[in-house]
Amino acid sequence: MPITTLHQATGKELRKLFAKIASSVSETLGSLIARELVFAPNEVVITDVDSLLGAIDKQHAVVRGALDKDYAGKQMFAMFPVGDAMAMAGMLMMTPDEVIEQRRTRGTLEGEDLEAFGEIANVLCSGFGNVLRDSIANVDIRLQDHGIVKPGLDANNLLPQVPLVACKLR
């Protein structure tokens with residue numbers, strides 16, 4: 001399935017939701033790593049896993065959250081370039097900036113960095129839950145798991161083989 005745009009009315013409502021999610025990500029991650037972060041949504045699209053993985057040019061850390069209540073069985077995902085995930089994990093662990101930069105250059109998220117990113121993922125899902133409860137009503141989200149995808153490859157099947165609504169944050 002190629003990436004397609006949404007119907008204007010549906011897209012408008014989803015853009016509002018993603019703007020709230022972007023604000024939550026900014027606030028949640030910024031307070032967690034003690035740095036100012038500002039995220040804003042880009043265009044909301046419908047895509048599939050193959051197209052999504054084909055559009056990335058480097059490894060990404062994936063946060064997979066499981067929805068419950070009225071949306072039980074549904075999932076929500078966040079993806080970050082591995083270098084950014086490593087930087088956030090390093091900041092959380094108060095790793096010196098030069099060590100963070102060395103790890104980013106290495107380009108693999110593993111060990112204590114992956115574990116720290118799991119803590120970030122858990123807090124991120126909590127922030128998503130706050131937005132969803134305020135915007136949608138009877139829904140919550142909890143961290144299901146996290147892992148790594150590569151361009152064209154989801155070796156651990158983190159992403160579902162269904163149409164996805166996606167919004168890239170800048």
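The chain is built from 5 helices and 6 strands, and in this predicted model the elements follow one another from the N terminus in the order β-α-β-α-β-β-α-α-α-β-β. Its radius of gyration is 16 Å, close to the 15 Å that the globule rule gives for 170 residues, so the chain is as compact as a globular protein of that length. Along the principal axes, the C-alpha trace spans about 45 × 35 × 25 Å.

Among contacts with a separation of 6 or more, 70% are accounted for by residues 24 or more positions apart. As for charge, there are 17 positive and 22 negative side chains, and the centres of these two sets lie 5 Å apart.

**Helix H3**

Helix H3 covers residues 82–92, and because 8 of its 11 residues are buried, it is largely enclosed by the rest of the structure. The buried residues in H3 are Val 82, Gly 83, Ala 85, Met 86, Ala 87, Met 88, Ala 89 and Gly 90. Asp 84, by contrast, is partly exposed, with a relative accessible area of 33%. After H3 comes Met 94, whose phi is positive, near 55°.

**Salt bridges**

| Pair | Closest N and O atoms |
|---|---|
| Asp 84 and Arg 104 | 2.9 Å |
| Arg 106 and Asp 113 | 3.8 Å |
| Asp 140 and Arg 133 | 2.5 Å |

The salt bridge between Asp 84 and Arg 104 links distant parts of the chain, since Asp 84 belongs to helix H3 and Arg 104 to helix H4 (residues 97–106), 20 residues apart. Arg 104 counts as partly exposed, at 32% relative accessibility.

In the pair formed by Arg 106 and Asp 113, Arg 106 is partly exposed with a relative accessible area of 45%, whereas Asp 113 counts as buried at 2% relative accessibility, which is under the 20% cut-off. Both residues also take part in a network of salt bridges that links Arg 103, Arg 106, Glu 112 and Asp 113.

For the bridge between Asp 140 and Arg 133, the relative accessible area of Asp 140 is 22%, so this residue is partly exposed, and Arg 133 likewise counts as partly exposed, at 33% relative accessibility.

How values were computed:
Residues numbered from 1 in each chain as written. Predicted model: local features only at pLDDT ≥ 70, side-chain atom pairs only at ≥ 80, totals over all residues. Heavy atoms only, no water. Helix = DSSP H or I, 4+ residues; strand = E, 2+ residues; numbered from the N terminus. Rg over C-alpha atoms; globule rule 2.2 N^0.38 Å. Contact = heavy atoms within 4.5 Å. Lys, Arg positive; Asp, Glu negative; His and termini not counted. Charge placed at Lys NZ, Arg CZ, Asp CG, Glu CD. Buried < 20%, exposed > 50% of the residue type's maximum accessible area, 1.4 Å probe, protein only. Salt bridge = Lys/Arg side-chain N within 4 Å of Asp/Glu carboxyl O.
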